[in-house]
There are 4 protein chains.
Amino acid sequence: MNTFGQRLRVTTFGESHGPAIGCVIDGLPAGLAVDEGFIAAQMARRRPGQNAFATQRNEADVVEILSGVFEGVTTGTPVALMIRNTNQKSGDYETLKHLFRPGHADITYHAKYGVRDYRGGGRSSARETAARVAAGAFAQLMLREIGITIQSGICEIDGLVGQTIDFAHAAKSEIFALDPACEDEWKKRILSAKNSHDSVGGAALIVAHGVPAGLGEPLYYKLDALLAAALMGINGVKAVDIGDGRDAARMRGSQNNDPITPDGFFSNHAGGVLGGISTGAPVVARAWFKPTPSIFLPQQTITTDHQATQLMIKGRHDPCIAIRGSVVAEAMVALTLADLSLLNLGSRIDHLKTLYQSSR
Amino acid sequence: MNTFGQRLRVTTFGESHGPAIGCVIDGLPAGLAVDEGFIAAQMARRRPGQNAFATQRNEADVVEILSGVFEGVTTGTPVALMIRNTNQKSGDYETLKHLFRPGHADITYHAKYGVRDYRGGGRSSARETAARVAAGAFAQLMLREIGITIQSGICEIDGLVGQTIDFAHAAKSEIFALDPACEDEWKKRILSAKNSHDSVGGAALIVAHGVPAGLGEPLYYKLDALLAAALMGINGVKAVDIGDGRDAARMRGSQNNDPITPDGFFSNHAGGVLGGISTGAPVVARAWFKPTPSIFLPQQTITTDHQATQLMIKGRHDPCIAIRGSVVAEAMVALTLADLSLLNLGSRIDHLKTLYQSSR
Amino acid sequence: MNTFGQRLRVTTFGESHGPAIGCVIDGLPAGLAVDEGFIAAQMARRRPGQNAFATQRNEADVVEILSGVFEGVTTGTPVALMIRNTNQKSGDYETLKHLFRPGHADITYHAKYGVRDYRGGGRSSARETAARVAAGAFAQLMLREIGITIQSGICEIDGLVGQTIDFAHAAKSEIFALDPACEDEWKKRILSAKNSHDSVGGAALIVAHGVPAGLGEPLYYKLDALLAAALMGINGVKAVDIGDGRDAARMRGSQNNDPITPDGFFSNHAGGVLGGISTGAPVVARAWFKPTPSIFLPQQTITTDHQATQLMIKGRHDPCIAIRGSVVAEAMVALTLADLSLLNLGSRIDHLKTLYQSSR
Amino acid sequence: MNTFGQRLRVTTFGESHGPAIGCVIDGLPAGLAVDEGFIAAQMARRRPGQNAFATQRNEADVVEILSGVFEGVTTGTPVALMIRNTNQKSGDYETLKHLFRPGHADITYHAKYGVRDYRGGGRSSARETAARVAAGAFAQLMLREIGITIQSGICEIDGLVGQTIDFAHAAKSEIFALDPACEDEWKKRILSAKNSHDSVGGAALIVAHGVPAGLGEPLYYKLDALLAAALMGINGVKAVDIGDGRDAARMRGSQNNDPITPDGFFSNHAGGVLGGISTGAPVVARAWFKPTPSIFLPQQTITTDHQATQLMIKGRHDPCIAIRGSVVAEAMVALTLADLSLLNLGSRIDHLKTLYQSSR
């Protein structure tokens with residue numbers, strides 16, 4: 001089940017310390033101009049090893065396009081992308097061969113499959129998210145063509161909630177901070193945790209602008225349900241809000257309902273979704289990331305033969321996975337909206353008449 | 001896209017004021033004894049019209065089994081269920097023909113499809129959830145056979161968060177209250193909102209016990225991602241937590257990691273899921289419901305031809321959809337776990353050897 | 001796996017001698033006018049009990065629409081159809097409870113599921129095809145809107161191959177005979193087999209006109225592959241040809257290639273498909289049906305506890321299943337083309353631009 | 001739609017003259033030993049450039065495993081395979097940029113997508129089938145573990161039908177001839193056609209032994225329907241038979257029904273399938289391939305701007321695609337059976353009890 005989406009389907013592959021990771025993107029419309037600069041820019045945002053707030057694993061993350069693009073445009077055939085792993089240090093993981101790291105998927109992969117690639121978390125490593133970002137960049141190129149753009153950033157670190165949303169600021173912030181006023185304190189807390197060999201959690205906010213009304217396929221492929229799955233499926237995410245989310249549940253109906261005017265909705269508590277279908281207002285989602293499970297303090301665990309033991313993790317890790325996670329979250333929202341944009345074609349008989357009559 | 005699940009697939013149909021609602025459950029193993037008493041009991045929990053905390057629409061909700069069950073057991077063929085609608089009052093909705101109710105899906109169905117059954121919300125009505133509960137009951141019967149049981153209840157109303165979790169109490173509470181100490185205040189707030197023609201939000205907690213380690217299909221059909229989709233897809237849900245959820249994002253890694261011992265996990269901040277796969281600990285999820293959008297106060301909206309107007313809703317509505325919603329949430333968790341229990345078969349080559357060798 | 005199609009999905013349910021059969025059609029565009037007269041006419045063509053060439057089981061086959069249609073048009077929500085079984089004679093089957101009929105699915109359902117509804121073949125009965133024809137009629141209504149029409153008939157009985165294709169004649173023939181010159185001999189052979197308590201096989205030809213070039217989703221959802229699955233999945237079908245089929249394999253390349261001219265293809269050996277995509281020429285398929293396995297001669301078989309025994313079938317059966325099977329084949333071709341017509345939307349980025357720009 | 005299968009899913013990518021072709025195999029059980037020698041042997045059977053009966057394009061077809069295999073066994077994560085294209089001669093195709101080759105998919109890809117990679121047929125080239133054979137080899141390794149083996153060969157060339165089935169002979173025949181008595185004549189006809197710049201058609205026979213009763217998921221994922229799709233989806237296949245296929249339609253019911261005895265079926269006209277489910281007898285299928293459309297004679301066609309023109313194909317082509325196609329057909333049958341072997345797990349409640357109880 002390594003495929004995301006129904007009409008735009010992304011199948012990812014690869015382990016943290018295997019030869020390569022990558023994906024096959026199937027269902028992209030033909031004729032889409034492939035802006036390789038944009039793809040590289042998105043990859044650079046997620047790339048590790050660039051500052052004190054991310055792991056020091058330094059991967060070039062060069063995306064090789066193996067198929068589906070000809071003379072600069074998509075051809076309608078599957079786009080396969082491959083990213084070679086180059087900066088593995090498998091030696092760091094030899095001690096983990098017979099141990100389960102708390103907060104990691106080691107124990108559950110072992111329970112499910114009986115065997116596992118223990119190097120760097122294998123398949124469960126966040127390394128795989130490079131493929132998501134690459135695929136998400138293609139989705140964003142497609143969405144641009146119909147006027148949809150997506151922005152993201154960090155709205156909370158270590159429980160300190162940002163009060164403003166400034167995407168322009170986030171774009172140039174090392175930690176993608178949406179609130180300039182919080183940025184220094186957020187950085188301080190991350191480094192403080194890092195210095196005490198610990199980690200912190202945080203939250204990302206993602207907003208999609210220009211989403212036409214009508215996207216989302218009730219009742220079991222709703223826009224909000226898909227966003228929830230897309231975001232909760234990212235490593236370390238434990239909570240998702242759509243629109244006002246949990247806060248909506250603490251309002252009265254008279255406060256939470258968004259009045260409708262001839263010029264659009266008066267407010268957007270709903271986050272751009274009603275009945276699982278986009279309203280035309282911005283689509284708003286938040287994802288909460290747990291603190292990085294890889295900490296450099298002694299931890300209680302067991303061996304693969306069920307003996308108690310103590311673990312001291314080595315290796316290179318992000319002190320706060322929410323930061324680079326926000327880029328992944330943006331990619332997943334892009335993939336969701338691109339999939340739904342395609343699925344919505346044919347929701348009315350007029351769509352068929354328009355497209356097939358013009359082809360005659 | 002009216003189908004939920006991959007290996008256990010539930011396809012629902014029906015509108016609030018059409019002749020019938022129902023579903024087809026495909027993929028149930030053959031040989032499962034169908035306990036009709038249990039199914040009826042689950043339906044009764046969701047049934048409206050029973051007290052002051054739910055809508056007065058009084059539906060018998062008798063489930064007719066049209067196929068797939070023979071001599072009291074499932075045969076492996078699709079189980080079709082039908083529930084006739086009997087207590088419609090379509091007249092209540094005539095005024096809504098040319099209006100969009102704020103907080104409802106009227107405007108998005110109109111945008112997407114161009115036509116809509118405006119009576120009682122049509123397909124977007126919570127009436128459809130009766131089919132989910134019926135299907136969920138079948139899933140629970142299946143899960144019982146492998147030792148999985150699911151419990152649910154209300155853990156928050158109108159922002160007042162419950163402090164204890166008492167499923168036995170919830171089972172006999174009119175509002176499925178998990179905290180006996182909060183129950184009276186919760187009821188008071190619901191009725192207070194109702195009396196001022198308004199509504200309140202709330203949250204449901206769902207816990208699955210006995211879930212074996214290994215359920216969940218990484219990377220895009222993870223247990224937590226599916227639960228998020230299953231719950232966020234319920235009418236009115238705006239936020240989902242897995243395990244400690246948002247609170248996990250406010251801890252340090254050293255606090256949030258669940259230490260592993262030879263007897264199991266020392267704590268369960270993770271809510272029974274690591275890397276998208278069940279750990280063997282109880283699976284814990286929470287869903288936040290917005291306040292009922294149908295309120296009996298004047299609201300600002302537009303007509304189908306985009307003129308501003310004021311709306312006064314009539315009809316029969318729950319003052320707090322979280323309550324009956326918690327039963328639906330339990331059903332969705334059951335369907336998710338049943339689907340994953342089936343999908344997990346074949347995760348190891350030994351499964352194939354075991355089952356096919358014994359068949360020779 | 002009781003669902004056919006990806007974008008237009010039909011999920012059928014029901015057993016031969018259960019309370020009802022039916023289906024849920026999901027993915028029909030909204031705004032399609034539902035011509036109930038056409039649906040009834042298609043049902044009438046498949047209906048049993050009308051002449052000497054079909055079983056005497058006499059079912060009214062009244063289709064009740066339970067959902068998805070409002071004020072005469074589809075609403076984009078699932079269309080559920082139910083057909084009550086009224087003319088069952090379960091008594092005929094009591095003797096089959098512990099026996100497997102040769103040529104039937106009794107033994108394989110028993111092997112797979114351990115339990116089975118033995119009355120009239122249960123789920124494996126051709127009774128289920130009434131739901132296919134009803135769903136196929138909806139598909140045909142949709143296809144009409146984009147200029148696609150489908151015709152079918154019988155092109156071979158008992159090895160006697162028809163030489164002409166006259167759809168107008170087939171439409172009024174009791175046995176849907178495409179070749180008027182063969183009709184009498186075909187009837188004679190059917191009745192001769194019937195009178196000697198035996199049965200004959202035959203073949204159906206299906207042609208779709210007006211199919212635009214471009215339908216079919218390579219490489220694993222090709223038009224010809226789907227047609228093959230759709231037809232081979234019909235009860236009793238053992239061979240499928242696309243275009244010239246087997247005969248193409250007996251030509252030289254220079255004979256079989258269809259020359260291309262500015263006015264279209266010079267010939268149509270390909271049957272309207274190249275590379276799994278429609279060419280714009282008529283789509284042509286043939287399906288060969290085995291002789292009815294229910295014959296009224298003694299047959300060698302075993303009991304459910306593996307003892308040898310002799311079987312004498314009672315009940316009511318078609319002496320040649322190809323005849324009514326041709327109507328089912330037409331329905332399956334319609335469902336295939338409708339699914340592919342929807343899936344093709346979005347094959348070019350221009351489709352998205354056209355439909356979303358006009359919606360702004 | 002470049003994915004084949006439901007539970008074992010193979011997603012292929014790549015064009016004839018792009019950098020690489022390959023696939024992602026998702027759903028393979030963990031713990032399967034990967035016999036790279038077997039995989040290489042299967043690849044070698046399909047490999048071009050080895051004798052006068054195949055194209056002279058000489059590809060090494062080295063399969064690089066990018067993921068999903070660790071220390072010689074599968075890990076349950078997706079297995080990505082890549083095969084670099086090394087022997088392209090794109091220059092051969094420059095003249096085809098503005099032309100459509102008769103019998104090829106050039107014109108339909110153009111109609112569907114508006115753009116196409118015209119070099120060597122791009123995505124529609126049989127080059128892609130190398131990925132199928134590699135994936136099929138993994139499927140065969142899995143099937144071996146439950147006792148299923150698959151054999152294939154050529155049973156007809158240019159209309160001359162083989163009379164015996166000798167798989168041992170086929171294994172060492174340059175043209176995989178199943179009938180030693182026909183081999184010389186078959187070769188002669190192929191070379192004769194080749195020498196006159198033309199091509200011939202043929203048919204492949206595939207037999208699976210050791211298939212347990214019970215595989216196949218009625219009603220819309222039946223074994224025979226899937227085989228039909230799997231085979232008809234191969235480049236150039238125009239007809240598929242299951243068991244006696246078309247010949248069954250020319251028998252009486254009394255001849256075609258396979259009598260059942262306590263020791264199994266007395267005959268196997270059905271080809272190992274009843275009601276879409278395997279019977280336990282060998283599964284038998286045939287696929288008819290059209291003559292290679294690439295012939296070296298002048299052909300009438302049009303340019304991309306609809307002008308009449310004449311075409312003379314250059315390049316390197318098989319004079320009879322059925323030969324190497326038979327290896328692809330074997331792979332597709334393997335993938336089908338592997339998928340159904342996995343899907344069948346959970347058909348009975350006892351499967352769940354057995355596997356989950358042993359895991360506690």
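## The chain C and chain B interface

Chain C and chain B bury about 2900 Å² between them, and carbon and sulfur atoms give 62% of that area. Buried area is the accessible area, taken with a 1.4 Å probe, that two parts lose on being put together, summed over both. Phe13(C), Leu66(C) and Phe70(C) supply 19% of the area that chain C buries against chain B, more than any other three residues. The contact brings together 40 residues of chain C and 40 residues of chain B; contact means heavy atoms within 4.5 Å.

This is a predicted model, in which local features need pLDDT of at least 70 and side-chain atom pairs count only at pLDDT 80 or more, while totals for chains, interfaces and linings use all residues; side-chain values use heavy atoms, with hydrogens and water left out. Residues are numbered from 1 along each chain as its sequence is written, and chains are lettered from A and ligands numbered from 1 in the order in which they are written.

Two salt bridges cross the interface of chain C and chain B. A salt bridge is a side-chain nitrogen of Lys or Arg within 4 Å of a carboxyl oxygen of Asp or Glu. Arg84(B) forms a salt bridge with Glu64(C), with the closest N and O atoms 3.0 Å apart.

Several elements give two or more residues to the side of chain C that touches chain B, including strand E2 (9-14), strand E3 (20-26) and helix H2 (106-113) of chain C. Helices (H or I, at least four residues) and strands (E, at least two) are DSSP runs, numbered from the N terminus. The largest share, five residues, comes from E2(C). By residue type, this side of chain C divides into 17 nonpolar, twelve polar and eleven charged. Here Ala, Val, Leu, Ile, Met, Phe, Trp, Tyr, Cys and Pro count as nonpolar, Asp, Glu, Lys and Arg as charged, and the others, Gly among them, as polar.

## The chain A and chain B interface

Between chain A and chain B the buried area is about 8000 Å², with 57% from carbon and sulfur atoms. Met1(A), Lys112(A) and Tyr220(A) lose the most area on the chain A side, together 12% of what that side buries. The contact takes 102 residues from chain A and 103 residues from chain B.

Eight salt bridges cross this interface. In one of them, the side chains of Lys112(A) and Glu217(B) meet at 2.7 Å, N to O. Helix H2 (residues 106-113) of chain A gives the largest share of the side that touches chain B, seven residues. That side of chain A has 46 nonpolar, 36 polar and 20 charged residues.

Strands also pair across the two chains. Strand E11 (residues 237-242) of chain A and strand E11 (residues 237-242) of chain B run antiparallel, joined by three bridges. Two strands pair if DSSP finds at least two bridges between them. Asp241(A) stands opposite Ala239(B) in E11(B).

## Sheets within the chains

In chain A, five strands form an open antiparallel sheet in the order E1-E2-E3-E7-E4. Strand E1 (3-4) and strand E4 (64-65) of chain A stand at the edges with a single partner strand each, so one side of each has no neighbour in the sheet. Strand E3 (residues 20-26) and strand E7 (residues 79-84) of chain A run antiparallel and share six bridges. Gly22(A) stands opposite Met82(A) in E7(A). Helix H3 (residues 129-145) of chain A lies across E2 (9-14), E3, E4 and E7 of chain A, at about 30° to E3(A). Axes are lines fitted to C-alpha atoms, for helices over the stretch in contact, and angles run from 0 to 180 degrees between N-to-C directions.

Chain B has an open sheet of five strands in the order E1-E2-E3-E7-E4, with antiparallel pairing. Two bridges join E4(B) to strand E7 (residues 79-84) of chain B. Ile65(B) stands opposite Leu81(B) in E7(B).

## Backbone geometry

A cis peptide bond joins Pro218(A) and Leu219(A), with omega about 0°. Leu219(A) is in the loop between strand E10 (202-209) and helix H6 (223-232) of chain A. In chain B, the peptide bond from Pro218(B) to Leu219(B) is cis, with omega near 0°.

Phe176(B) has a positive phi, near 55°, in a residue other than glycine. Phe176(B) lies in the loop between helix H4 (167-172) and helix H5 (180-195) of chain B. Most residues other than glycine have a negative phi, and most peptide bonds are trans.
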